[in-house]
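The exercises below are to be worked with the sequence and the 3D structure open. Each has a task sentence and then a solution in steps.

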Amino acid sequence: MKFDKSVEAFKEAQRYIPGGVNSPVRAFGQVGGTPPFIKKGKGAWLYDIDGNKYLDYVQSWGPLIFGHADKEITEAIIEAAKLGSSFGAPTEAETQLARMILSIYAHPGLEKIRFVSSGTEAVMSAIRLARGYTGRPDIIKFTGCYHGHSDSLLVKAGSGATTFGNPSSPGVPEDLIKHTLLARYNDIESVKACFESSPHTIACVIIEPIAGNMGLVPAKKEFMRALADLCAAHGTLLIFDEVMSGFRASLQGALPYYDVKPDIVTFGKVIGGGMPVGAFAASRQIMSHLSPEGPIYQAGTLSGNPVAMAAGLAMLSKIVATKNLYTKLESRARQLMAGFEEIGHRRGIPIVTNVRGSMFGFFFHDGAVEDYETALESDTKLFARFHQGMLKQGIYLACSQFEAGFICEPMTKKLIDRTLEAADSVLGAL
């Protein structure tokens, strides 16, 4: 493969855009090399400006369940755009999509929803709502769970579970971060320690129930049950961040995997067919505290814009209409990960994998990965070399060890087999 045009395009981008990218992971800093500059996508495939073709396991970081440029979703976007891209005023499509999401998710505690324009906005707004509703200032998050780049959530782990976090980015005030407590994923004792240190000030616990930002690391059922019990005992709201897992892990996201009912759920781009959109949902009682019904302010000029709403309606309608969709997607994900494990075993390279619905993840690690700390023990240098080799074979994987991968509906058993042949060849060479 040649990447000459992408190399030049990257140099040009760096003249005008910090790092040459508008989201840091795209710079390929963790895997090396030059990021291919994409010209178009179709179905399971990406095409770059050098004419290279890639089987895409990123799918815009998750939302493209039916692949790139799906016919029905694209047509819905075009027809909506013909009528106007944004009004800053109510449309019927907002109500239609709200009703559809709430009816599909089938969670009795989710009765109202508000749209925003990104997953970061959804989580930021959900936390403000939790703080305003409870009248408490503090939150608990878990190391390794990413919830967007708002100030309260850009925190790295301290020296212990009850240690208040330190900002993991300049520009985040220490005074703000003192309200964010850190716990260890899948470790209920660390959560108990946080509650013991601040028993009356914790507004909410936010968690990715199926973490996709330290690689794919699902929460354990017993951990989630204990977490919900702790929240209930302390009058603390439990927030499920389903920006990544919503409508990806299953039709109802993470809910079928756990006997737990969150108080607030956040959603991301998947509910807009890949368009910039997010949302947060909760009970009528909690949501009634939002402006204009209540005193907690939250707003967005492009929230619920008609193009994103049309794309979301087309996406969710197609999801509902596609028979055995999630069974098929999970089957392909399991085929891929089982193949990776078999190749690793045969090649003498330890690989541990996880699958949840259409989401998958793998680590070059010789033991179970259950939290961020064990994820960090994986061989990231080997991952980088593997990523580079797979890219040259026409396989586009997430450009970080700490990101989940995604199966889209157009991916066939034959394409998975093709991927496994490439992986065998690359690992054999390594």
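## Exercise 1: aromatic pairs

Phe-267 has a relative accessibility of 1% and therefore counts as buried (buried is under 20% relative accessible area, exposed over 50% and partly exposed in between, with a 1.4 Å probe and protein chains only). The model is a predicted one: local features need pLDDT of at least 70, side-chain atom pairs count only at pLDDT 80 or more, and totals for chains, interfaces and linings use all residues. Residues are numbered from 1 along each chain as its sequence is written, and side-chain values use heavy atoms, with hydrogens and water left out.

Task: State how many aromatic pairs there are, and describe the pair of Tyr-105 and Phe-267.

Solution.
- Step 1. Rings of Phe, Tyr and Trp (its six-membered ring) pair if their centres lie within 6.5 Å; planes under 30 degrees apart are stacked, over 60 edge-to-face, and the rest tilted. The count by this rule is 16 aromatic pairs.
- Step 2. Tyr-105 and Phe-267 pair edge-to-face, at 4.9 Å centre to centre and with 85 degrees between the planes.
- Step 3. Tyr-105 is in helix α3 (residues 92–105) and Phe-267 in strand β13 (residues 264–267), so the pair ties together parts 162 residues apart in sequence. Helices (H or I, at least four residues) and strands (E, at least two) are DSSP runs numbered from the N terminus.
- Step 4. Tyr-105 is buried, with a relative accessible area of 1%.
- Step 5. Phe-142 and Tyr-185 also form an edge-to-face pair, 6.2 Å centre to centre with 85 degrees between the planes. This pair links distant parts of the chain, 43 residues apart: Phe-142 is in strand β5 (residues 138–142), Tyr-185 in the loop between β8 (180–183) and α6 (188–197). Phe-142 and Tyr-185 are both buried.
- Step 6. Ring pairs also link a cluster made up of Phe-340, Phe-362, Phe-364, Phe-383 and Phe-386.

## Exercise 2: strand β12

Task: Is strand β12 (residues 237–242) mostly covered or mostly open, and which strands pair with β12?

Solution.
- Step 1. Six of the six residues of β12 are buried, and the strand is mostly covered.
- Step 2. Cover is found on both faces: Leu-237, Ile-239 and Asp-241 are buried on one side, Leu-238, Phe-240 and Glu-242 on the other.
- Step 3. Two strands pair if DSSP finds at least two bridges between them. Strand β9 (residues 202–207) pairs with β12 in the parallel sense over four bridges, and Cys-204 has Leu-237 in β12 as its bridge partner.
- Step 4. β12 and β13 run parallel and are joined by four bridges. Asp-241 has Thr-266 in β13 as its bridge partner.

## Exercise 3: Tyr-54

Task: Where is Tyr-54 placed, and what does Tyr-54 contact?

Solution.
- Step 1. Tyr-54 lies in strand β3 (residues 53–56).
- Step 2. Tyr-54 counts as buried because its relative accessibility is 0%.
- Step 3. Contact means heavy atoms within 4.5 Å. Neighbours within four places in sequence aside, the contacts of Tyr-54 include Met-1, Phe-3, Trp-45, Asp-48, Leu-391 and Gly-394.
- Step 4. The side chains of Tyr-54 and Asp-48 are joined by a polar contact of 2.5 Å (a pair of N or O atoms within 3.5 Å; within protein, one must be able to donate a hydrogen and the other to accept it, and residues adjacent in sequence count only if both atoms are side-chain atoms).

## Exercise 4: helix α12

Task: What is the span of helix α12 (residues 380–392), and what covers its buried residues?

Solution.
- Step 1. The expected span is 1.5 Å times one less than the number of residues. The 13 residues of α12 reach 19 Å from first C-alpha to last, close to the 18 Å expected.
- Step 2. At the start of α12, a side-chain oxygen of Asp-379 comes within 3.3 Å of the backbone nitrogen of Lys-381.
- Step 3. Among the buried residues of α12 are Leu-382, Phe-383, Phe-386 and Leu-391. Their cover includes β3, α10 (325–347), β16, β17 (395–396) and α13 (413–429).
- Step 4. Gly-394 follows α12, with a positive phi near 85 degrees.
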